[in-house]
Amino acid sequence: MDEYTVIESKSPVFYATYERKSEMQHQTHYCPGCGHGVVHKLIAEAIADMGTQDRAIFVSPVGCSVFAYYYFDTGNVQAAHGRAPAVATALKRANPESIVIDYQGDGDMAAIGTAEIIHAANRGEKITVFFVNNAIYGMTGGQMAPTTLVGQTSTTSPWGRRPLNEGYPLHMAELLATLEAPVYVERVSLHDNKNVMKARKAVRKALELQREGAGFTFVEVLSPCPTIWKMTPQESRKWMEEKMAAAFPLGIYRDRKLEIPLDGVPQTTVGRLLRLDEHEAPSTPRTTGERWTDLRVNVAGFGGQGVLLLGQILAEMGMREGREVSWLPSYGPEMRSGSAHCYVCLSNERVGSPLVENPDVLVAMNEISLTKFAKQVEADGTIFYNGTKLPERFPALQAHVLCIPAAEIADKLGSTKVANMILLGGLLELTHALPRETAFGVLKSKVRNTTLLELDCKAIDAGIEWVQQQMATAPPGTATKHCEYAQR
């Protein structure tokens with residue numbers, strides 16, 4: 001009898017060791033008999049065979065697969081509960097050559113994430129979605145899921161699912177197949193080897209279609225959950241075959257290539273949207289020194305002070321000047337007097353995150369915002385404060401402070417509403433990060449009231465002139481002269 005050598009190995013798409021727990025680096029966290037390990041293997045083999053490991057991005061939200069990033073040696077992004085389709089959409093649109101895999105369970109996708117998946121499918125996002133359906137909430141203790149079968153018991157349906165009380169189970173494959181945009185929708189099962197091989201083909205086909213740029217692909221996988229079902233692995237597979245496959249018929253629900261028509265639909269570019277076509281092509285970003293090549297700004301104040309508008313204008317100015325930009329607003333529910341702030345990033349390189357922890361510049365339009373954000377500003381950064389002087393007993397700061405009486409200047413111009421534009425003018429003059437003319441161009445595209453437009457432009461000039469006067473007349477060593485690094 002011939003001797004055979006058995007060689008066990010796993011796909012190179014998996015990490016050599018799993019470092020989630022020091023004592024379990026050779027195995028996943030999944031329960032014995034769970035289907036997630038099988039689906040992971042099928043996905044990893046397909047990625048390896050396609051040679052796309054270096055451009056694969058795995059999106060894992062909340063659920064039993066929440067630790068998938070410990071296993072897949074690919075790009076990995078963790079998503080909030082139910083939000084994986086939105087995250088996957090952003091990743092694919094930002095990196096069109098990538099292979100984006102959205103991996104979700106029934107509670108995650110069919111409950112909190114229903115709107116996300118339906119709209120992503122309806123838009124025909126060029127992502128691949130693997131939907132693992134075990135008809136129960138596995139990670140959180142066995143509550144009824146949107147796909148729990150009629151009559152199936154759970155911790156929240158101890159008498160079994162009743163259509164009159166809990167409604168019928170959702171059929172996601174059938175639901176998505178009614179939409180126009182998806183190109184491939186199939187439901188497979190893992191209850192025996194024959195069906196695992198069918199699942200393998202479906203996984204590969206879905207990923208290959210994405211590689212070809214075909215469109216939205218979706219594979220629903222009926223998967224066992226022996227622990228929560230309180231069955232042995234053998235019993236769970238028999239139950240899948242007899243109950244789950246009967247309730248969720250296997251098969252292909254959509255298999256067609258679809259070209260979404262563009263005829264008659266005006267294609268709006270960013271340049272056209274921002275009316276850049278009405279102006280000259282973006283110029284090379286103008287800086288007065290390396291200090292302002294990248295500019296991170298926090299604008300803060302009360303709702304109604306034009307905080308978010310100031311940030312929007314800065315961001316649009318950056319775009320018109322050929323910069324990479326981001327604008328991230330934060331505000332309460334109040335229309336007026338509630339707190340509001342926004343972060344703006346201007347850079348010659350891609351902006352990695354719109355969140356700014358330590359801004360170069362803080363524009364504080366009131367004392368509350370100054371107190372809240374002043375300590376976050378970089379040591380060599382600048383604070384523009386809407387006031388004649390700092391509040392009494394205000395703690396010493398490492399950042400440079402420039403107090404501009406913007407409200408008083410605006411009142412003299414005719415309206416306190418333009419105080420934000422005065423502070424914008426001061427920022428432009430001090431940093432020279434963006435030209436005054438670009439600010440005027442942005443305002444002309446946004447403000448239709450000619451009287452208000454004229455006032456806004458005057459306010460910007462007033463802010464510029466105020467800073468120029470202070471820089472020219474202040475004796476060495478005063479607060480305004482602390483800003484001399486901007487002129488390097």
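# A tour from the sheet outward

You are looking at a predicted model.

**Stop 1: two paired strands**

Now widen the selection to strand E1, residues 56-60, along with E2. These two strands pair in the parallel sense. Four bridges join E1 and E2.

Next, select helix H2, residues 84-94. Helix H2 packs on the sheet and touches E1, E2 and strand E3 (99-105). Compare directions: H2 makes about 175 degrees with E3.

Move on to helix H7, residues 193-211. Helix H7 also packs on the sheet. Its contacts are E3, strand E4 (128-133), strand E5 (184-189), strand E6 (217-222) and E7. The direction of H7 makes about 160 degrees with that of E5.

**Stop 2: the whole sheet**

Show all the strands of this sheet. In what order do the seven strands of the open sheet run? Read across: E2-E1-E3-E4-E6-E5-E7. The pairing is mixed.

Look at the two edges, strand E2 (75-78) and strand E7 (251-255). Each has a single partner strand, so one side of each lacks a neighbour in the sheet. Turn the view to follow the twist, which averages 15 degrees from one strand to the next.

**Stop 3: aromatic rings**

The structure holds ten aromatic pairs. Why does the pair of Phe-58 and Phe-72 count as stacked? The ring centres are 4.3 Å apart and the planes stand at 20 degrees, so the pair is stacked; the cut-off for stacking is under 30 degrees. Phe-58 belongs to strand E1, while Phe-72 lies in the loop between E1 and E2. The two are 14 residues apart. Both Phe-58 and Phe-72 are buried.

Together with Phe-58 and Phe-72, they form one aromatic cluster.

For another ring, select Phe-67 and Arg-20. The charged end of Arg-20 sits over the ring of Phe-67. The distance to the ring centre is 4.5 Å.

**Stop 4: salt bridges**

Side chains of opposite charge can pair when their charged atoms come close. How many salt bridges does a search of the whole structure find? The search finds 18. Visit three of them.

Start with Glu-125 and Arg-93. Their closest N and O atoms are 2.6 Å apart. Glu-125 is in the loop between helix H4 (114-123) and E4, and Arg-93 is in helix H2. The pair links distant parts of the chain, 32 residues apart. Arg-93 is exposed, at 56%.

Next, select Arg-187 and Glu-220. Their side chains meet in a salt bridge of 3.1 Å, N to O. Arg-187 sits in strand E5 and Glu-220 in strand E6, 33 residues apart. Arg-187 is buried at 1% relative accessibility. Glu-220 is buried too, at 0%.

Then select Glu-378 and Arg-296. This salt bridge spans 3.1 Å, N to O. Glu-378 is in the loop between helix H12 (367-373) and strand E12 (382-386). Arg-296 is in strand E8, residues 295-302. They are 82 residues apart. Glu-378 is partly exposed at 28%, and Arg-296 is partly exposed at 29%.

**Stop 5: loops**

Select Glu-259, in the loop between E7 and helix H10 (270-273). Glu-259 is exposed, at 71% relative accessibility. The C-alpha atoms of Glu-259 and Ala-214 are separated by 8.3 Å. Along the chain these residues are 45 apart.

Finish with backbone angles. Most residues other than glycine have a negative phi. Select Lys-230, where phi is positive, near 60 degrees. Lys-230 lies in the loop between helix H8 (226-229) and helix H9 (233-247). At 72% relative accessibility, Lys-230 is exposed.

Look for His-432 in the loop between helix H14 (419-431) and helix H15 (436-446). His-432 is partly exposed, with a relative accessible area of 22%.

Note on methods
Residues are numbered from 1 along each chain as its sequence is written. This is a predicted model: local features need pLDDT of at least 70, side-chain atom pairs count only at pLDDT 80 or more; totals for chains, interfaces and linings use all residues. Side-chain values use heavy atoms; hydrogens and water are left out. Two strands pair if DSSP finds at least two bridges between them. Axes are lines fitted to C-alpha atoms, for helices over the stretch in contact, and angles run from 0 to 180 degrees between N-to-C directions. Contact means heavy atoms within 4.5 Å. A salt bridge is a side-chain nitrogen of Lys or Arg within 4 Å of a carboxyl oxygen of Asp or Glu. Buried means under 20% relative accessible area, exposed over 50%, partly exposed in between (1.4 Å probe, protein chains only). Rings of Phe, Tyr and Trp (its six-membered ring) pair if their centres lie within 6.5 Å; planes under 30 degrees apart count as stacked, over 60 as edge-to-face and the rest as tilted. A charge sits over a ring if NZ of Lys or CZ of Arg is within 6 Å of the ring centre and within 35 degrees of the ring normal.
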